[in-house]
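Please look over the sequence and the model below with attention to strand pairing, annotated repeats and pockets.

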Amino acid sequence: MNGSLTISILNISLHFQIVVNKKQNRRKDKYNKLFENADTAKLRVVQLEIQVAQIQQEKIELHRRAQESSSLGGGAGGVGGGSEKVASLEQKLFKLQEELTELHRQKGENAQKLMELNNTLRQKEQELLAKEGELHDLSNNLEEVDRARQRLEQTVTELTANCQMVKDELQALQLAYSLLDERYRKVQTENEDLVARWMVQKAKDADKVNAENELQLRIRHEKQQNLLIDAAKEPVVVNIPTSNQPGVPFCAIISIPSFPDKKFDAHEGEVNSARFSISGRLFVTGGADRRVKVWEQVNGNYTIKGIMHGCNAGVMSVQTDPQEKLVLAGSHEGTCRVWTLTDQRLRHTLTGHSQKVMAAKFFGGATKVVSGGHDRTLKIWDLRSKACMRTIFAGSSCNDIVIHEGFGSQVASGHLDKTVRFWDVRSDNQSSVGEITLQGKITSLDLSPDMNYMLASARDDTVKLLDLRMNQVMSTCSADGFKVAVDYTRASFSPDGQYVICGSNDGSIFVWNASSAKLEKVLKEHSSSVVVCAWHPDGSSLISCDRNKRAIIWTNRY
């Protein structure tokens, strides 16, 4: 395109130059003719002037001669001849004067034409100068366009070279990618093969462990049967124990409590936590009114046994120790507190968390406490020294904790980053010993009675059943209308591990079968979101609490 533009400009310039030259040549020819005519007229005028001067001189000479002849008395014939000659000369002079007058008139006309032609010449010269200026500008533009064309050609050459270089690099990269893709496919195939072999081996190991467990259970069962047979043959003297140690109720098979037997306002605000004691004789609640309340069952009714004061913010977690002598609570102010149950006095204040404590549990025979909070740490406290023994940096806000002392004193924590982490509290290792990632923020954890399974409720509106031996999700409990209300909604197992229970945002309580994840029943009595549900240890009743300070005791009695 630049080449064609250059050629067009050159053609226009050449044509313009030819036209200008032709016009100049025509003007020069015309001017030359005019100058020649003017020179001829001037020469003719000079000649005529010379002739006039000669004739006048002759006339003067003839007059002088005539006077002389008249004075001398010449004849009449001579005078007559002289007069004729004078008349002819005068006639000739008159003609010459007319011719001179005509020449003068032609000279004036030629002078006028010359002036007009000079004016026209000056105009044409100005036009010529303007055209020459335009031509000069066009020449400059042509030079600039030519320079731009050269630069563009150089740029095109450089871009062509770069394009070729990029094409060469692309070919090299494609070749490298093909090699890497082939290696990746080989490694992926090997990895799949290894995973398959590992899963087969893990399944074999699990089968072997299960077989060994079943064998040990059969041996233990046979031994117990033999001991019972031997004991039945001997007389037994029963002594009434005098110890105040609470007894653990036995639960074999339960039915789902579905009758709202007792309804009462547990706190002055939202109820955040509720939990039965190990004997089921007591249950403890914590609420947004910064109080911890202990309720005691007397003649089938629950009455307040005591109110624990001292928290400066809402209580998020409560628990009693196995001996039912101490009450533990974690609150929004980042502090854990321990009271004695008999006199309701504050015994320990454990400060160290920088944000709210969401879970606190007794550990190691009520001599230690494990707490987790939104400061992304887990802390282990020694109640004897009243100091923090260890801080574990979990990396995410902790919502709940469970203690699994059967697996070598492991602590499991559920976090807002959708991960369940397992920690060995006996070692000083800061990294977790295992992780299970779910699809939603984890709101609560609970262990099955046989400690082989864990329950995890999440904000994706599901309750997951985790197999701790295989370290994976075994089943998922969900239902239409079920929606986890808050980040601290608590779900729990039934005492025999057959059922899973969790409250919903619409005030309903959903109960699933733990083995099949099938929805068994929906309990409806609350008018606001149910935050916590807890089973009685013997399975005969359960308690549910909502965000509108309401608590309901569910039983099987109608």
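An open sheet is formed by 4 strands in the order β2-β3-β4-β5, with antiparallel pairing (two strands pair if DSSP finds at least two bridges between them; strands are DSSP runs of E of at least two residues, numbered from the N terminus). β2 (271-276) and β5 (301-308) each have a single partner strand and stand at the edges, so one side of each is left without a neighbour in the sheet. This is a predicted model, in which local features need pLDDT of at least 70 and side-chain atom pairs count only at pLDDT 80 or more, while totals for chains, interfaces and linings use all residues. Residues are numbered from 1 along each chain as its sequence is written, and side-chain values use heavy atoms, leaving out hydrogens and water.

**Strand pairing**
- β2 pairs with β3 (residues 282-287) in the antiparallel sense over 5 bridges, and S273 stands opposite G286 in β3.

- Residues 264-296 are 0% helix (helices being DSSP runs of H or I of at least four residues) and 58% strand, with end C-alpha atoms 14 Å apart.
- Residues 492-522 are 0% helix and 55% strand, and their end C-alpha atoms lie 15 Å apart.

**Largest pocket**
- The lining of the largest pocket comprises 47 residues, of which R275, I278, Q319, D446 and L447 lie nearest its centre (on a 1 Å grid over the protein atoms alone, a pocket is an open set of points where a 1.4 Å probe fits, with protein on both sides within 12 Å along at least five of seven lines, and lining residues have an atom within 4 Å of a point).
- Strands that each supply at least two residues of this lining include β2, β6 (315-320) and β18 (442-447).
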